[in-house]
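Hello,

Here is the structure I promised to pass on to you. Please open it alongside this email, and my notes follow just below.

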Amino acid sequence: MGMALPGCATCLAEDPRKKWFANESGCRMVELVRDNVKPSDIMTREAFENAIIVDMALGGSTNTVLHLMAIAHEAGVKLELSTFNEIGRRIPHLCDVFPGGAYDLEDLDRAGGIPALMKELHNSLHLDKMTVTGRTVGENISEAVRTGTDVIRPIEKPLHTEGGIAILWGNLAPSGAVVKTTAISPRMMHHRGRARVFDSEEEFAKLISNSEIRSGDVLVIRYEGPRGGPGMREMLIPTSTVFGMGLAESVALITDGRFSGGTRGPCIGHVSPEAATGGPIAALRDGDVIEIDIPKRTLSVELEAEEIQSRLKSLAPFEPRVRTGYLTRYAASVGSAERGALIDAG
């Protein structure tokens, strides 16, 4: 988005350059204040598009969607979930980095970092947008050099022809859900299986001890969204367990919570509306057939609309897990994940 110094993002904590980046960042902040340059002057609609373009090519985390939607709202920029799919369809995945690739962040930094990746994407970026350096995006990346072609692929030889994140819609996620496509094997890009439903991560963890996960299952962990969690915590135990059991190519995970950047396999998060607000995911029962179609960007359960609504009406009102302290106020005012889990200022 132009809000950090070029090269800062991939500079490791123990790298001698880190101290320079910290000092230079502080100096630029003072200069920007003196020049009356505000974040909103830099974070324009085009800047957000640039950020999405880079993330698609990088194969970044699904959390990008949540954060960019929230930041865009605060910046007064209109950003729709559909923008991620529109950009993802035309921007290829170029970086062969973890968790789905062979290289780590240090390798990416040595290969030229984000500036080198952006230079490879220069025909797709808004190069004339101003950044915190006082120079445009195009000027910032003009001298970037890519080292080799293994970590950052040439745009004509991508790892995947489409970007690393997709938004899914369907009767199970009317307001959208998010999946990291670059960490999914080709055989799981389309999956149809029976639901195994859990009302919390703890309930899921209890199942694990009994080793009851079966190949083909669609594991559903609900009431973990912004309001239900509360706080939309990362589903670390389910993802690591499924991968550790060697089921990443035969079992899917769905949640109204979120996953970490290290997700592997068909892990679909941010299902909206969430269960705690009466979203369709709350109507699921063990044995319901769920279909995931990544290429078509769909997430559906094989139930008629009338059956879904009938089940939702029969549910008891959601009982908040936290009844004291600041999380009570948070849960009462937080919005849905598709808008960035924003706090209602009203």
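First, some ground rules. This is a predicted model, in which local features need pLDDT of at least 70, side-chain atom pairs count only at pLDDT 80 or more, and totals for chains, interfaces and linings use all residues. Residues are numbered from 1 along each chain as its sequence is written, and side-chain values use heavy atoms, with hydrogens and water left out. Helices (H or I, at least four residues) and strands (E, at least two) are DSSP runs, numbered from the N terminus.

**Helix packing**

Two packed helices are described by the angle between their axes and the distance between the axes. The axes here are lines fitted to C-alpha atoms, for helices over the stretch in contact, and the angles run from 0 to 180 degrees between N-to-C directions.

Let's begin with helix α3 (residues 45-58) and helix α5 (residues 81-90), whose axes come within 9 Å and cross at roughly 50°. The two helices are therefore oblique to each other; angles under 35 degrees count as roughly parallel, over 145 as roughly antiparallel, 65 to 115 as roughly perpendicular and the rest as oblique. The crossing of α3 past α5 is right-handed, a term that applies if the near helix is turned clockwise from the far one by less than a right angle, with left-handed used if anticlockwise. On the α3 side the contact (heavy atoms within 4.5 Å) is made by R45, E49, I52, I53 and M56, and on the α5 side by T83, F84, I87, G88 and R90. Sorted by class, this contact holds five nonpolar, two polar and three charged residues. For these classes, Ala, Val, Leu, Ile, Met, Phe, Trp, Tyr, Cys and Pro count as nonpolar, Asp, Glu, Lys and Arg as charged, and the others, Gly among them, as polar.

The other pair is α9 (201-208) and helix α10 (residues 236-244), with axes 9 Å apart and an angle of about 25°. That angle makes α9 roughly parallel to α10, and α9 passes α10 in a left-handed crossing. E201, F204, A205 and I208 of α9 meet L236, I237, P238 and T241 of α10. This contact divides into six nonpolar residues, one polar and one charged.

**D217 and V218**

Now to D217, in the loop between α9 and β4 (218-221). Is D217 buried or exposed? With 5% relative accessibility, D217 counts as buried; buried means under 20% relative accessible area, exposed over 50%, and partly exposed in between (1.4 Å probe, protein chains only). The side chain of D217 makes a polar contact of 3.2 Å with the side chain of R196. By polar contact I mean a pair of N or O atoms within 3.5 Å; within protein, one must be able to donate a hydrogen and the other to accept it, and residues adjacent in sequence count only if both atoms are side-chain atoms. A polar atom of the D217 side chain also lies 2.9 Å from the backbone nitrogen of R214. Setting aside neighbours within four places in sequence, D217 is in contact with H191, R194, R196, E212, S250, V251 and A252.

V218 is in strand β4 and is buried, at 0% relative accessibility. Not counting residues up to four places away in sequence, V218 touches H191, G193, R194, A195, R196, A252, I254 and I290.

**Backbone features**

Most residues other than glycine have a negative phi, and most peptide bonds are trans. Which bonds here are cis? One joins G229 and P230, with omega about -15°, and P230 is in the loop between β4 and α10. Another runs from S272 to P273, with omega near -5°; P273 is in the loop between β6 (267-272) and β7 (289-293).

N36 is not a glycine, yet its phi is positive, about 60°. N36 sits in the loop between α1 (17-34) and α2 (39-42) and is exposed, at 55% relative accessibility. R297 likewise has a positive phi, near 60°. R297 lies in the loop between β7 and β8 (298-301), but is buried, with a relative accessible area of 9%.

**One more loop residue**

N123 lies in the loop between α7 (113-120) and α8 (137-141) and counts as exposed at 70% relative accessibility. Its side chain makes a polar contact of 3.1 Å with that of H122.

Happy browsing!
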